[in-house]
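Open the model and follow the chain with the text beside it.

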Amino acid sequence: NATALNCEAGNVFSHTLTENTTFTFSNPPASGTAFGFSLKIIQDGSASGYTVTWPGAVDWPAATAPTLTATASAVDQFVFYTHDGGTTWYGFTAGQAIA
């Protein structure tokens, strides 16, 4: 249930949930270099409503992490960026329940 997103490996990620999952973000560029990535999360085909735990360094608008769409095969898209070596990640919902 732990999934690491390696920033050295790219900046577009996709993950299909098969259980509740905790994400970590590893290897961002050094402080002073901006870096961003997108993450597509897909619920399983059984509408299990799996949840995600985000890294504590993610700063969401209004300090509230989004609730994932829980329907079968639902797609939610998120965008993250940092400019301080991953000390703070700014997280945004780019779209939810994308068909």
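Two strands pair if DSSP finds at least two bridges between them. Strands themselves are DSSP runs (E, at least two residues), as helices are (H or I, at least four), and both are numbered from the N terminus. Strands of a sheet pair through backbone hydrogen bonds, either parallel or antiparallel. Here, β4 and β7 are joined by eight bridges and run antiparallel. Within this pair, L39 stands opposite F78 in β7.

This is a predicted model: local features need pLDDT of at least 70, side-chain atom pairs count only at pLDDT 80 or more, and totals for chains, interfaces and linings use all residues. Residues are numbered from 1 along each chain as its sequence is written, and side-chain values use heavy atoms, with hydrogens and water left out.

Now the whole fold. The chain has eight strands and zero helices. Five of the strands form an open sheet in the order β2-β4-β7-β8-β6. The pairing in this sheet is mixed. Its edge strands are β2 (12-16) and β6 (58-59), and each pairs on one side only.

What radius of gyration does the chain have? The value is 13 Å, taken over C-alpha atoms. A compact globule of 99 residues would be near 13 Å, so the chain agrees with that estimate. The globule rule is 2.2 Å times the number of residues to the power 0.38. The C-alpha trace spans about 40 × 30 × 20 Å along its principal axes.

Contact means heavy atoms within 4.5 Å. Among contacts in the chain between residues at least 6 apart in sequence, 61% join residues at least 24 apart.

Next, the interior. Buried means under 20% relative accessible area, exposed over 50%, and partly exposed in between (1.4 Å probe, protein chains only). Buried residues make up 36% of the 99 in the chain. In soluble globular proteins, nonpolar side chains tend to be buried together. A nonpolar core is a set of buried Ala, Val, Leu, Ile, Met, Phe, Trp, Tyr and Cys residues joined through side-chain atoms within 4.5 Å. The largest one here has 18 residues. Those with the most contacts inside it are F25, F37, L39, I41, W54 and F80. At least two residues of this core come from each of β3 (21-26), β4 and β7 (75-82). The largest share, four residues, comes from β4.

Take F80 from that group. Leaving aside neighbours within four places in sequence, its contacts include F25, F37, L39 and W54. F80 also touches W60, W89 and Y90, among others.

Beyond four places in sequence, Q77 touches residues including S38, L39, K40, F92 and T93.

Then the loops. D44 sits between β4 (35-42) and β5 (52-53). With a relative accessible area of 14%, D44 is buried. From D44 to F80 is 36 residues in sequence and 23 Å in space, C-alpha to C-alpha.

Finally, the backbone. N27, in the loop between β3 and β4, has a positive phi near 55 degrees and is not a glycine. N27 is partly exposed, at 38% relative accessibility. A97 has a positive phi of about 55 degrees, although it is not a glycine. A97 is placed in the segment after β8 (89-95).
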